[in-house]
Amino acid sequence: YTINSGVGRKISIIGMKNLSGSINAGTSSGSNKTTTVNILDCYLSNGGIYLNTVDFNTTIAGSTMLGGRVYISSGSIIGNNLNNGGSSASEVVNVTNSSSFQNDTVYIVGNTIKGNVNGITSLYWNSSASVAYIKNNFIIHQYAGIYMLTFANTAISNLIYNNTIYGEVYSFSNYGVFISTVPTNAIVEIMNNVIDAFNSGTKFGINVNNLNGQANAYYNHIDN
């Protein structure tokens, strides 16, 4: 399924059962958040959602995905069961946007996110356009649970709260939360997460590097 963007366009897909194929971005307007897409209460047994050009503002809520990935540039991912099914060597959830700060927030809240590919991150963030609210997720990974590279250079806090993050299988270095390249004005708050791992490699609960702004970690439970 290919969705072409257009200024003021709004598309909702509700209650779809999809047995094969993905939802993809087509032609682009080239402007930030000109097209709104809502994918609600859908079931994708094979295929992903790839709306990661800057013109799409995407909400995915209450949906199940058993063999694909979710790529967006802005929007919200709320209350989903997301599993890449081992189908591809890439992240289960990927938020990427290199635009300047758009004065908005990407909410990733209340999801189960399971990566079934050895050596691959489950939730990847590389956005300077939005603030991240990553809360109340259950994340299973085989390299890094949450990997965040690049943030908006603004004093609005990025929140990583109340997540359960579990590593399995991977035999090399692995991370519950990996934070990198925090610019001068950015703030990252890592609070009240449970981080554990059963894999055999070198395990890091929270890893922060290339820090120019603030990264605060408190009230986390890190085991094994």
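Buried stands for under 20% relative accessible area, exposed for over 50%, and partly exposed for what lies in between (1.4 Å probe, protein chains only).

The model is predicted, so I kept its limits in view: local features need pLDDT of at least 70, side-chain atom pairs count only at pLDDT 80 or more, and totals for chains, interfaces and linings use all residues. Residues are numbered from 1 along each chain as its sequence is written, and side-chain values use heavy atoms, with hydrogens and water left out.

I then took I108 by itself. Leaving out residues up to four places away in sequence, I108 touches I77, V93, V95, I113, L123, Y133, I134, K135 and N137; a contact means heavy atoms within 4.5 Å.

Next came the whole chain. I found zero helices and 27 strands in the protein chain; these are DSSP runs numbered from the N terminus, helices being H or I of at least four residues and strands E of at least two. The radius of gyration is 17 Å, close to the 17 Å from the globule rule for 224 residues, so the chain is as compact as a globular protein of that length. That radius is taken over C-alpha atoms, and the rule is 2.2 Å times the number of residues to the power 0.38. The C-alpha trace spans about 45 × 40 × 25 Å along its principal axes. Buried residues are 51% of the 224. Of the contacts between residues at least 6 apart in sequence, 64% join residues at least 24 apart.

T150 has a positive phi of about 90° and is not a glycine. T150 sits in the loop between β19 (144-149) and β20 (157-161), and is partly exposed at a relative accessible area of 24%. N162, also not a glycine, has a positive phi near 60°. N162 lies in the loop between β20 and β21 (164-167) and is partly exposed, with a relative accessible area of 29%.
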